[in-house]
Amino acid sequence: MLKWFSKIFLSKQKEDTADCMKKFLIVGLGNIGAEYVNTRHNIGFKVVDFLAKKEGLNFETVKLGALAEYKFKGRTFLLLKPNTYMNLSGKAVKYWMDKENIPLENSMIITDDLNLPFGTIRIKPKGSDGGHNGLKSINSILNTTHYTRFRFGISDEFKKGKQVDYVLGEWNEIEKEKLPERLELASEIIKSFGTAGLENTMTTFNGK
């Protein structure tokens, strides 16, 4: 009887582990509020919003954010927009990783990057916060820098002392025209991360 129970228990453990590996947390960083919707700093929100709209998904207000569930090729992607404001993003990331039992390697953080030309994609398995307050919060609360970050270039076309105004400013007309194609590419990156893995995704999309 005990041997039979042990087999059932171990089998259930394997099933739970397999289910965890098929679940991914995709976090778009941004600030809540109408005044931030079309700002460069909110590109993380914009990426997950684009994918959700494309797939006919709705975001639901949940603890520490808004969440939409996307199923694709046997994988479940939880699209999260933290409502903690950028500086406390780590609270939402940690809460939903724990709640959904999602491994660190199955988490992707989408953020803006001043050091990359507009629309340039850079996917990395680890790295510094680069001065980004959202990443600083995540690094601190997770106590690691080893998680996938998807950096979306917003360029650094601002005058000295105007960085904050630039980051919290809205896209210019040229950027607005090019955004849809970049957001389409971003959607493919998210799907690739869950189905093809990080290494293949970096090889395929970095620099595009």
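T195 touches F72, K73 and R75, leaving aside residues up to four places away in sequence. This residue belongs to helix α6 of what is a predicted model.

**T195**
- With a relative accessibility of 31%, T195 counts as partly exposed, because that class lies between the limits of 20% for buried and 50% for exposed.
- The T195 side chain reaches the backbone oxygen of K191 at 2.8 Å.
- T145 stands 50 residues from T195 in sequence, and the two C-alpha atoms are 23 Å apart in space.

**Helix α6**
- Helix α6 covers residues 173-195.
- Its 23 residues, at 1.5 Å a residue, should span 33 Å, and the distance of 34 Å between the end C-alpha atoms of α6 agrees with this.
- At the start of α6, the backbone nitrogen of I174 has a side-chain oxygen of N172 within 3.1 Å.
- The helix has a kink of about 40° at L179, shortly before the proline P180.
- Just after α6, G197 adopts a positive phi of about 95°.

- In soluble globular proteins, nonpolar side chains tend to be buried together.
- The largest nonpolar core of this model contains 33 residues, and those touching the most other members are I26, L79, M108, I110, I189 and I190.
- Helix α6 supplies the largest share of this core, with 7 residues.
- Apart from neighbours within four places in sequence, I110 is in contact with I26, V27, G28, L29, G44, V47, V48, F150 and I190.

**Helix α7**
- Helix α7 runs over residues 198-205, and its buried residues are L198, T201, M202 and F205.
- An α-helix has 3.6 residues a turn, so residues three or four places apart point the same way.
- Exposed residues E199 and T203 are carried on the face of α7 that is turned away from its buried side.
- The partners against which the buried residues of α7 pack are β6 (121-124), β7 (148-153) and α6.
- Just after α7, G207 takes a positive phi of about 90°.

Conventions. Residues numbered from 1 in each chain as written. Predicted model: local features only at pLDDT ≥ 70, side-chain atom pairs only at ≥ 80, totals over all residues. Heavy atoms only, no water. Core = buried A, V, L, I, M, F, W, Y, C linked by side-chain atoms within 4.5 Å. Buried < 20%, exposed > 50% of the residue type's maximum accessible area, 1.4 Å probe, protein only. Helix = DSSP H or I, 4+ residues; strand = E, 2+ residues; numbered from the N terminus. Contact = heavy atoms within 4.5 Å. Expected span 1.5 Å × (residues − 1). Bend = angle between axes of the 7 residues up to and from the residue. Polar contact = N/O pair within 3.5 Å; in protein donor to acceptor, adjacent residues only side chain to side chain.
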